[in-house]
Amino acid sequence: EKVVCVTGASGYVASWLVKLLLQRGYTVKATVRDPNDPKKTQHLLALDGAKERLHLLKAELLEEGCFDSIVDGCHGVFHTASPVIFSAADPQAEIIDPAIKGTLNVLKSCAKVPSIKRVVMTASVASVMYNGKPLTPDVVVDETWFSDAPFCKENKLWYMASKTLAEEAAWRFAEENMINLVVLNPGFVIGPLLQPALNGTSDIILALTKGEYTTPGFRFVDVRDVAYAHIQAFEIPSATGRYCLVQRHAQFPEILKTLNEFYPTLGLKEK
């Protein structure tokens with residue numbers, strides 16, 4: 001029996017990951033903050049194979065030791081849970097600390113379980129490309145790039161700072177504790193939703209349709225590709241280090257043009 005754990009299982013990417021893992025015959029221990037909230041769990045319980053092989057477990061990211069019993073007996077752990085908040089009254093306490101502490105909390109539990117072959121962590125291009133280097137068209141960004149936390153904090157890029165510091169802490173801890181860690185750094189994730197509520201990136205697309213948001217462009221990747229990449233990162237023995245997951249970069253005018261093609265009644269002004 002192949003047993004894995006997915007943290008933050010009701011999330012956008014994680015829901016797809018759970019779906020694909022069940023399809024592949026895995027038994028999935030899925031952690032959510034409130035297993036009794038149908039908005040967070042119903043779409044997971046409805047998945048093929050869920051009745052036989054999905055176990056929903058309550059876990060609080062910042063509660064020390066609460067993952068100990070959950071990851072016990074697992075062969076792999078997919079750590080996707082992390083606060084996706086872009087602004088806060090106290091960014092250090094509300095965004096940065098939870099991201100670092102939550103990640104280390106999960107990894108500390110993993111370090112106690114010898115059956116765990118590998119931990120796959122969902123990071124973001126947020127921890128790759130924000131370092132003050134110019135992003136001109138000739139520049140190639142790859143997995144050797146790390147965002148610079150002081151630069152992010154200086155520019156009030158709190159989410160980017162949190163993802164950067166959490167990933168740095170994860171690599172340090174994994175090295176010190178001999179954990180086989182693979183990190184995935186997806187771009188702007190889009191695609192069909194399994195959960196009933198809009199996720200952060202869908203919210204931004206919605207804001208674009210209302211003319212409330214502008215952007216130079218997005219580095220898009222499909223949510224199903226991101227979920228599948230997590231499984232490959234776990235199953236392929238030679239997978240190692242970090243992987244940037246970006247399908248393509250689309251400029252703002254192209255995004256508006258596409259939205260107009262799909263939803264002509266919106267009449268979005270293509271600037």
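This is a predicted model: local features need pLDDT of at least 70, side-chain atom pairs count only at pLDDT 80 or more; totals for chains, interfaces and linings use all residues.
Rolling a probe the size of a water molecule over the atoms shows where empty space is left. The structure holds 1 cavity of 30 Å³ or more, and the volume of the largest cavity comes to about 80 Å³. Its lining is formed by His 79, Thr 80, Ala 81, Ser 82, Ala 99, Thr 103, Met 121, Thr 122, Ala 123, Ser 127, Lys 163 and Ala 166. Helix 5 (91-111), strand 5 (118-122) and helix 7 (158-176) are the elements that give two or more residues to this lining. When the lining residues of the largest cavity are sorted by class, 5 are nonpolar, 6 are polar and 1 is charged.

The second largest pocket has a volume of about 630 Å³, and of the 23 residues that line this pocket, Ile 190, Gly 191, Ile 205, Phe 220 and Leu 259 are the closest to its centre. At least two lining residues of the second largest pocket are supplied by each of strand 7 (188-190), helix 8 (200-209), strand 8 (217-222), strand 10 (248-251) and helix 10 (252-262). By class, the lining of the second largest pocket divides into 14 nonpolar, 6 polar and 3 charged residues.

Arg 242 is placed in strand 9, which comprises residues 241-245. Its relative accessibility is 8%, and Arg 242 therefore counts as buried, the cut-off for this class being under 20%. The side chain of Arg 242 reaches two backbone oxygens, that of Glu 143 at 2.7 Å and that of Trp 145 at 2.5 Å. When neighbours within four places in sequence are left aside, the residues in contact with Arg 242 are Ser 127, Val 128, Glu 143, Thr 144, Trp 145, Phe 146, Glu 167, Trp 171, Val 183 and Asn 185. Among these contacts of Arg 242 is Ser 127, a residue that also belongs to the lining of the largest cavity.

Ala 9 lies in the loop between strand 1 (3-7) and helix 1 (12-23). Ala 9 is classed as buried because its relative accessible area is 0%. Although Ala 9 and Val 32 are 23 residues apart along the chain, their C-alpha atoms are separated by 5.9 Å. Val 32 is also one of the residues that Ala 9 touches, together with Ala 14, Ser 15, Val 18, Ala 30, Thr 31 and Leu 44, when residues up to four places away in sequence are not counted.

His 55 is found in strand 3, which comprises residues 54-58. With a relative accessible area of 39%, His 55 is partly exposed, since this value falls between the limits of 20% and 50%. Not counting residues up to four places away in sequence, His 55 touches Thr 27, Val 28, Lys 29 and Ala 30; Ala 30 is also touched by Ala 9. Asn 185, which is in contact with Arg 242, stands 130 residues from His 55 in sequence and 27 Å from His 55 in space, C-alpha to C-alpha.

Conventions. Residues are numbered from 1 along each chain as its sequence is written. Side-chain values use heavy atoms; hydrogens and water are left out. On a 1 Å grid over the protein atoms alone, a cavity is a set of points where a 1.4 Å probe fits but cannot get out, and a pocket is an open set with protein on both sides within 12 Å along at least five of seven lines; lining residues have an atom within 4 Å of a point. Grid points are joined across faces, edges and corners, and a volume is the space filled by probe spheres set on the points. Helices (H or I, at least four residues) and strands (E, at least two) are DSSP runs, numbered from the N terminus. Ala, Val, Leu, Ile, Met, Phe, Trp, Tyr, Cys and Pro count as nonpolar, Asp, Glu, Lys and Arg as charged, and the others, Gly among them, as polar. Buried means under 20% relative accessible area, exposed over 50%, partly exposed in between (1.4 Å probe, protein chains only). A polar contact is a pair of N or O atoms within 3.5 Å; within protein, one must be able to donate a hydrogen and the other to accept it, and residues adjacent in sequence count only if both atoms are side-chain atoms. Contact means heavy atoms within 4.5 Å.
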